[in-house]
Amino acid sequence: MQNQKPPSSTRKTPAARRSAAAEPGEAALSPNRQQNILLAAEQLFAARGFHGVSIRDIADEAGVPLALVGYYYGPKLALYHAIFRERAGYIGERLESLAAAQRSAAPGQLLEEIVKAFVLPVLKVAALPAGHNFLRILSRGMNDHLEEDEPVIRELFDPLAHAFIDALAASLPQATRSQAAWCYQFALGALLHHVNDQRIERLSLGQNQPGDSETAGPLLVAFITHGLRGACAAPTH
């Protein structure tokens, strides 16, 4: 009886055995491991960039077996894009704030309300440690124009940009959409620089602290609003 082979219906083929060996068992799967991998990847990509990080680096940082990274996320590029999609909820918040501004802004306040919708949700993300890492990744992608970033930026962020550009053009009647697109890029540069900058404490001789959104947020909104209005030389409505 001890040497009896299992019935053919339950006997695994070599291919099936290889597949089973490649996948972690149920006991190896922890509810937190998948999130740990994502957070570890986000931290490392923010610090070193996409090409400076290996799957093994991510596994070591997350404290998981190497195979588990691929099991959950596939190749490195798929994991990289998963970070963008995980954090994409704030895109919806910005679009909802933009729609609310367009519906109910007080007379003469539309431009400022559009800028608040553009800025404030990002500052909320930047206040979180993991969110700050994501914004560093996003800034790298926007500045370095990496091939790996382009598909996810086109998918997630170009529609957002078009919505804000259209809103800016509508709120500045004398501006062309072309001018509004330039101004959007200038505003985006100011916003991303602010959330990633660590030099402000030194430049302010210790009076300002990086990440102080309570102080810097209203100033940034005013800076962008007045810059847009001045650049386009048009009254808001």
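Colleague: Not counting residues up to four places away in sequence, which residues does A105 touch?

Modeller: This is a predicted model, in which local features need pLDDT of at least 70 and side-chain atom pairs count only at pLDDT 80 or more, while totals for chains, interfaces and linings use all residues. Residues are numbered from 1 along each chain as its sequence is written, and side-chain values use heavy atoms, with hydrogens and water left out. If contact is taken as heavy atoms within 4.5 Å, and residues up to four places away in sequence are not counted, A105 touches A100, L110 and E113.

Colleague: Is A105 buried, partly exposed or exposed?

Modeller: A105 sits in the loop between α6 (89-104) and α7 (110-126). The classes rest on relative accessible area, with buried under 20%, exposed over 50% and partly exposed in between (1.4 Å probe, protein chains only). Its relative accessibility is 27%, so A105 counts as partly exposed.

Colleague: How many helices and strands does the protein have?

Modeller: Helices (H or I, at least four residues) and strands (E, at least two) are DSSP runs, numbered from the N terminus. From that terminus on, the elements run α-α-α-α-α-α-α-α-α-α-α-α. The protein therefore has, by the DSSP definition, 12 helices and zero strands.

Colleague: Which members of the largest nonpolar core touch the most other members?

Modeller: A nonpolar core is a set of buried Ala, Val, Leu, Ile, Met, Phe, Trp, Tyr and Cys residues joined through side-chain atoms within 4.5 Å. Buried residues make up 37% of the 237 residues in the protein, and the largest nonpolar core holds 66 residues. Those that touch the most other members are I37, F45, F84, Y90, V119, L135 and F157.

Colleague: How far apart in space are L191 and L220, C-alpha to C-alpha?

Modeller: L191 lies in helix α10 and counts as buried, at 1% relative accessibility. Beyond four places in sequence, L191 touches R94, F118, V119, V122, L123 and L220, while V119 in turn touches L191, L220, V221 and I224. L191 and L220 are 29 residues apart in sequence, and their C-alpha to C-alpha distance is 7.7 Å.

Colleague: Are α10 and α12 roughly parallel or roughly antiparallel to each other?

Modeller: Axes are lines fitted to C-alpha atoms, for helices over the stretch in contact, and angles run from 0 to 180 degrees between N-to-C directions; those under 35 degrees count as roughly parallel, over 145 as roughly antiparallel, 65 to 115 as roughly perpendicular and the rest as oblique. The axes of helix α10 (residues 177-196) and α12 come within 10 Å and cross at roughly 160°. The pair is therefore roughly antiparallel.

Colleague: By class, which residues make up the contact of α10 with α12?

Modeller: The contact is made by C183, A187, A190, L191 and H194 of α10 and by A216, L220, F223, I224, L228, A231 and C232 of α12. Ala, Val, Leu, Ile, Met, Phe, Trp, Tyr, Cys and Pro count as nonpolar, Asp, Glu, Lys and Arg as charged, and the others, Gly among them, as polar. On that scheme the contact has 11 nonpolar, one polar and no charged residues.

Colleague: Is the crossing of α5 and α8 left-handed or right-handed?

Modeller: Helix α5 (residues 76-86) and helix α8 (residues 129-144) pack at an angle of about 115°, with their axes 11 Å apart. Their contact is made by Y80, I83 and F84 of α5 and F134, I137 and L138 of α8, which divide into six nonpolar, no polar and no charged. A crossing is left-handed if the near helix is turned anticlockwise from the far one by less than a right angle, and right-handed if clockwise. The crossing of α5 and α8 is left-handed.

Colleague: Which residues does T225 contact, leaving aside its neighbours within four places in sequence?

Modeller: T225 lies in helix α12 (residues 213-232) and is buried, with a relative accessible area of 4%. Its contacts, with those neighbours left aside, are L111, E112 and V115.

Colleague: What is the phi of L205?

Modeller: L205 lies in the loop between α11 (200-203) and α12, and is exposed, with a relative accessible area of 75%. Most residues other than glycine have a negative phi. L205 is not a glycine, yet its phi is positive, at about 60°.
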